Amino acid sequence: VSPGGMRDLLADDTIAFRAVPETVSSDPTPRYWRVFVLDRESSGNWRRSAPRRPVGASRFAVLAAEHSYALLLDDHDPATLPAPDWPAGFSADYGYNIRGEVITSPLANPRRIQVGGVSTPPRVITPPEVAPLSAANPRLAQWARDTRAGMASDRAFIELLMRRFADAYSYDTTLNLPDDNALDSFFFEARSGYCAYFATAMATALRAAGIEANITMGYLGGEWNDFGGFWTIRNADAHAW
């Protein structure tokens, strides 16, 4: 994903998948649906590392799911499944890689698969590894290093970033900045944008400050069908965080 990426997806109403909750609630809860974890940055763009072999018995597999859904896959690629919140539980239909992506197995029925999730993250699976940043967006990177140096803890710096985005920025899906150092322009001048800008700026600032951070690609929310008791998630619900 690039700072100005995902624009075509956000305008696409094609149904990606439908999610039928195992227990229908009178107050259905929209979820973050995790799909990909992007852990490498180059020239301001973020991508996945080379795929790693799925591991069935992982920290995710041993967690008991707090909520589970049957997925009816439409346009969504069945190779890597959406997981509600943090993936949890084990099924012969899939395994997990080290980043917590849900990878389907040859046993899976791509038309209907059960997935589970929990609202709180599992313990750290691997020791923190802060991957190096490229030379893109030098103003944002220098601001992050200087600001973190004057603060008491990583947590204080993270909270400062969150407050800054919440209080001083607006959401705008029409923003289109030049590719060169787009995050510098977003962070210091435009102060408006959509998820791809916020996610890449947050991860870049954290990495520059020496704090491990990745970007998650997936979906947020969807449309609840009261009559059928299921969520419809479209490509336009794509989200990065």
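Strand S2 (32-38) supplies the largest share of the lining of the largest cavity, four residues. The model is a predicted one, with local features needing pLDDT of at least 70 and side-chain atom pairs counting only at pLDDT 80 or more, while totals for chains, interfaces and linings use all residues. Residues are numbered from 1 along each chain as its sequence is written, and side-chain values use heavy atoms, with hydrogens and water left out. Strands (E, at least two residues) and helices (H or I, at least four) are DSSP runs numbered from the N terminus.

A search of the whole structure turns up one cavity of 30 Å³ or more. On a 1 Å grid over the protein atoms alone, a cavity is a set of points where a 1.4 Å probe fits but cannot get out; a pocket is an open set with protein on both sides within 12 Å along at least five of seven lines, and lining residues have an atom within 4 Å of a point. A volume is the space filled by probe spheres set on the points, which are joined across faces, edges and corners. The largest cavity comes out at about 40 Å³. Its lining includes Arg34, Val35, Phe36 and Val37, along with Glu101 and Thr216. By class, that makes six nonpolar, two polar and two charged residues (Ala, Val, Leu, Ile, Met, Phe, Trp, Tyr, Cys and Pro count as nonpolar, Asp, Glu, Lys and Arg as charged, and the others, Gly among them, as polar).

The second largest pocket holds about 220 Å³ of space. Among the residues lining this pocket are Val35, Phe36, Met217, Gly218 and Tyr219. S14 gives the most here, with three residues, and the lining as a whole has six nonpolar, four polar and two charged residues.

Turning to the helices, H2 (residues 138-149) packs on H3 (residues 154-168) at about 125°, with the axes 9 Å apart. In H2, Trp143, Ala144, Thr147 and Arg148 meet H3 residues including Phe157 and Leu160, contact meaning heavy atoms within 4.5 Å.

H2 also meets H5 (residues 195-208), the axes coming within 8 Å and crossing at roughly 50°. This too makes H2 oblique, now to H5. Leu140, Ala141, Ala144 and Arg145 in H2 touch Ala201, Thr204, Ala205 and Ala208 in H5, a contact of six nonpolar, one polar and one charged residue.

Methods:
Axes fitted to C-alpha atoms, helices over the stretch in contact; angles between N-to-C directions. Parallel < 35°, antiparallel > 145°, perpendicular 65-115°, else oblique.
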